Amino acid sequence: MKSWQQRERAREILSKEVGYVSKPHGGRLRVALAFPNTYFVGMSNLGFQTVYKLFNAEDDIVCERVFLPPKTELASQLSGGAPLVTLESQTPVNEFDIFAFSVSFEWDYTNVVSLLRLAGLKPRAADRTHRDPLVMIGGAVTFVNPEPLAPFADVVAAGEGEALIPPLLAAFKNASDRDDLLRRLAAERGFYIPSFYDVMHRPDGTLEAFVPKPGTGAPPTVKKAALKTTEAVDPPATTIFTPDTELGSRFLVEVVRGCANLCRFCWAGYNYLPVRAFPKDRILQLAESARRYSSHAGLVSIALCDHPEIEEILTRLVEMGYSISPASLRLDDLTPTILNLLRRSGERTITIAPEVGSDRLRRVINKTITNEEIFAAADMIFESGFENLKLYFMIGLPTETDDDLVAIRDMTKQLHETMLRHQRGRGHIGRIVGSVNPLVPKPGTAYQWLPMEDDGSIGRKIRRMKSLMAGIDNVYFNIKSERHSFYQALLSLGDRRVAAAIEAAERNGGNWRAAVAETGVDADFYVFRDRSADSVLPWDIIDGGLKDQFFRSEFDKALREEWTLPPKRQKDNARLLTVLQ
Ligand code: SF4
């Protein structure tokens, strides 16, 4: 695509948007903020919209957006199109001070490389010069394991944007040159400079140490930057509305951050601690002012009902005329009032995550609800008039047997019965849609040392699940393939050496099998190896606050089938015991 075509496309996109920021560049720190996927996908990402807003909230910063071109144009653009330009002012990205990436998903890693190339930059930091923009990679994935992306980044920003932007701006203002800038950032919480470390390996390929290079001032580990409280902070919310995105003109708002349940596989639960609720009044003010652009509110939170004033928030949103889509709901907090409010707003489907079918395996993963509670909640859901139920399950968990797979089928059948009981006579029967994913052990969780279950065994379980779930009316199951999860696991559990495979997959159009073979990356080593004897893991360079000792004791409790109850539940249990005594 030629420069004038890119500019024309950008202007057309802007003409359909409400809420973008346009500032003069003079005297400001210029940030080109990339979402490593298309505009259609990126504009529905609340993290991306939030970083854009936070950058532009600083008077001394101008931040403009950039996205991956549509798939049909990507190849021709890469092989000789004009350099990538930003949307707002259609300025070439390589004229900016910072090229920042907000990365939420492992599958977008190859797109990071494409965007660097589209901008006319060398993908690897070591091949770029000090005249190039500072390439900074942040977003959810950097909380978890930034190492596979580390060779592409000058700086990895690990933590929450609200806590990272002020020190970034101060470092730019005070730095005398690029080296000085990197040293200043390395001294701040949340900024990881990959080139400041020598990564040492043992002869067997495992990591031995991250050694800070002399004179850099780099700390032995980088502490994640997080907000202590959300009281004085605006809730992340949609600020740019466009019809041309996945979720349409939906007003997205984060209601509460984190989840105290601490399921042993869940990186989001462990990484967004402590649980912090955003102020109700501010959520409602933002919703009020967004109402003229949107009639649909998406409440983005992993444990929505943990907000102490959730019923009041939902009531006011309904009164404003919003239809409401919650993210997946945690069953232990559901109340008839919450369900009725959601139903009144027009929602017809509820999403819940039993994860497994048996109480025994739920104790292993520390999902602290029981089948009895799930069935009671389903009764309440269908009683409130919901038509459809969406279920999330996992397979490939430690200690799992065939009985656990059968238990998923039995649970689904019982939920189906409950649905029929409520809907018979209403003239319309809803659907139960299940999603089954093989466990990908995640860094920064109690399962971080676990190997992924091998292809043969997980393949057998997938086939078994398919046959168990076949032929139940109104029940549809989507069961993810083991190969898809395998490469996701490689990106999630890998170290810097995996970057070569990312580059190769970017070049060959996403053929991971060929990319791994061509680069000699030993994918099995990362995915199928038991890491429990490793003294250093790739993601140890970022200190998320929770100690190995805690994760190890959680893992031991998993094998003993013991729960670690979240504080709220502990209180309920204690109350119950007093009543019973
Ligand atoms: S309840 Fe959900 S969000 Fe909370 S820790 Fe468990 S899986 Fe994660």
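Helix α3 passes helix α7 in a right-handed crossing. A crossing is right-handed if the near helix is turned clockwise from the far one by less than a right angle, and left-handed if anticlockwise. Helices here are DSSP runs (H or I, at least four residues) and strands are E runs of at least two, numbered from the N terminus. The model is predicted: local features need pLDDT of at least 70, side-chain atom pairs count only at pLDDT 80 or more, and totals for chains, interfaces and linings use all residues. Residues are numbered from 1 along each chain as its sequence is written, and side-chain values use heavy atoms, without hydrogens and water.

Two packed helices are described by the angle between their axes and the distance between the axes. Axes are lines fitted to C-alpha atoms, for helices over the stretch in contact, and angles run from 0 to 180 degrees between N-to-C directions. For α3 (residues 46-57) and α7 (residues 161-174), the angle is about 35° and the axes lie 10 Å apart. Val51, Leu54 and Phe55 of α3 meet Gly161, Glu162, Ile165 and Leu168 of α7. Contact means heavy atoms within 4.5 Å. By class, this contact has 5 nonpolar, 1 polar and 1 charged residues. Ala, Val, Leu, Ile, Met, Phe, Trp, Tyr, Cys and Pro count as nonpolar, Asp, Glu, Lys and Arg as charged, and the others, Gly among them, as polar.

Now take a second pair. Helix α4 (residues 71-78) packs on α5 (residues 109-118) at about 50°, with axes 10 Å apart. That angle makes α4 oblique to α5. Angles under 35 degrees count as roughly parallel, over 145 as roughly antiparallel, 65 to 115 as roughly perpendicular and the rest as oblique. The crossing of α4 and α5 is left-handed. Leu74, Gln77 and Leu78 of α4 touch Ser114, Arg117 and Leu118 of α5. These residues divide into 3 nonpolar, 2 polar and 1 charged.

The largest nonpolar core has 116 residues, and Phe99, Phe101 and Tyr447 touch the most other members. Such a core is a set of buried Ala, Val, Leu, Ile, Met, Phe, Trp, Tyr and Cys residues joined through side-chain atoms within 4.5 Å. Buried means under 20% relative accessible area, exposed over 50%, partly exposed in between (1.4 Å probe, protein chains only). Apart from this core lies another, of 64 residues, among them Val233 and Phe477.

Last, find Leu546, in the loop between β19 (542-543) and α21 (548-559). Leu546 counts as partly exposed because its relative accessibility is 29%. Leaving aside neighbours within four places in sequence, Leu546 contacts Tyr270, Leu273 and Phe551.
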